[in-house]
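Please walk me through how two features of a protein model can be read, taking each idea in turn.

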Amino acid sequence: MGASLLPIEELTEADKAGWRDLAAAAVEPNPFFHPDFALTVAEELRSAALGVLVVREGPDWLACLPVERKRGWRQMPLSALVTWNHLYCFLGTPLVRADGIDTAITELLGEGVRRSGGFLGLDLLATDGPVNAALENSAAALRLRPVELDRFDRAALTRREDGAYLALSSKHRRNFERLRRHLEAQLGGELTLRDRSEDPAAREEFLRLEASGWKGEGGTATAFVPIGHGDLFHRVCERMAERGMLQLVSAEIGARPVAMLCNLVGGETVFTFKIAADSELAKSSPGIQLSILFLDHFHADAGLQRADSCAEPGNEMINRLWPDRRELGIRAIPARNAKGALARPPLKGMAWLRRRRR
């Protein structure tokens, strides 16, 4: 068993196959680090200094973490090796096999810190699973002292036997039911949810719907920033659909979509990737209507145990709708050398400042 840092552009077909096998067997699936997602995004963004920290035994990949060498991570004026976090990445948990997880994580952490140039930054790390537990154990075994920059919760769903997920108060439920009736009367039909995961035409409809809304007006819709990201959305959807990891649902009245939700599926968890709503119908809150309909869709799929909103912690809309929470953390691990010692004081200062702000 050994660990190494591989430049992304130098990965062989055998490497990519090993990465895919690891992604399928990971104890905590992370679709944002699946090679068919990560490599597709890397091709489009053309990011410099991208690599993969990998632990291998023969041809088998046991653990991996996409990383980049970056200055200014989390406003730190230092260069470091950090989790590759970009516009389309909403989870930074490394991919690790269950068997031998502690040994693999120890190798991964040791190599990452050794190659960091000061500290290893772990971004958007899920704190509630075996990977985080192994990271904490391995840091202690290597006599490393992590600095926790932040911890926060975001909205999630955990399967319930009774299917009662909606967290709205009675007053808000009545209000959204009234808005739904108004929407149905306006468009002359019943609002229903349709699964269009296997419909390539739905992807173009999603982009048109997104670009028509507030995201398009603000210049942040996929079809608009930067140029070419509409093509990226199509390629990501195509490649994830080939793996059975794409979920694309549409809230429709008749043949008219009023809102659409694009999710990625990893194991027993579905992750929100993008949501789009028709701005012409904004007064009826079509995005919220879709999110309410999705609760029954989630419950009907017995293979799903959890949904991760991938939303910002302060997203009032989804926090109001979904009752559960998932904790994530941001962590820096200074090396046990002079550069690590220099990095520790500003890292601790940043951690203190973030706590004060929160």
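The dialogue below takes up a pair of helices and then a pocket.

Q: What should be kept in mind about the model and its numbering?
A: This is a predicted model, in which local features need pLDDT of at least 70 and side-chain atom pairs count only at pLDDT 80 or more, while totals for chains, interfaces and linings use all residues. Residues are numbered from 1 along each chain as its sequence is written, and side-chain values use heavy atoms, with hydrogens and water left out.

Q: How are two packed helices described?
A: They are described by the angle between their axes and the distance between the axes. Here the axes of α3 (residues 101–114) and α4 (residues 130–141) come within 9 Å and cross at roughly 60°; helices are DSSP runs of H or I with at least four residues, numbered from the N terminus, and axes are lines fitted to C-alpha atoms over the stretch in contact, with angles from 0 to 180 degrees between N-to-C directions.

Q: Which residues make the contact of α3 with α4?
A: On α3 they are I101, D102, I105, T106 and L109, and on α4 they are P130, V131, A134, L135, N137, S138 and A139, where contact means heavy atoms within 4.5 Å.

Q: Which residues lie nearest the centre of the second largest pocket?
A: A pocket is an open set of points on a 1 Å grid over the protein atoms alone, where a 1.4 Å probe fits, with protein on both sides within 12 Å along at least five of seven lines, and lining residues have an atom within 4 Å of a point. The second largest pocket is lined by 15 residues, of which I8, L39, T40, A42 and E43 lie nearest its centre. Helix α2 gives the most to this lining, with 6 residues.

Technical notes
Helices (H or I, at least four residues) and strands (E, at least two) are DSSP runs, numbered from the N terminus.
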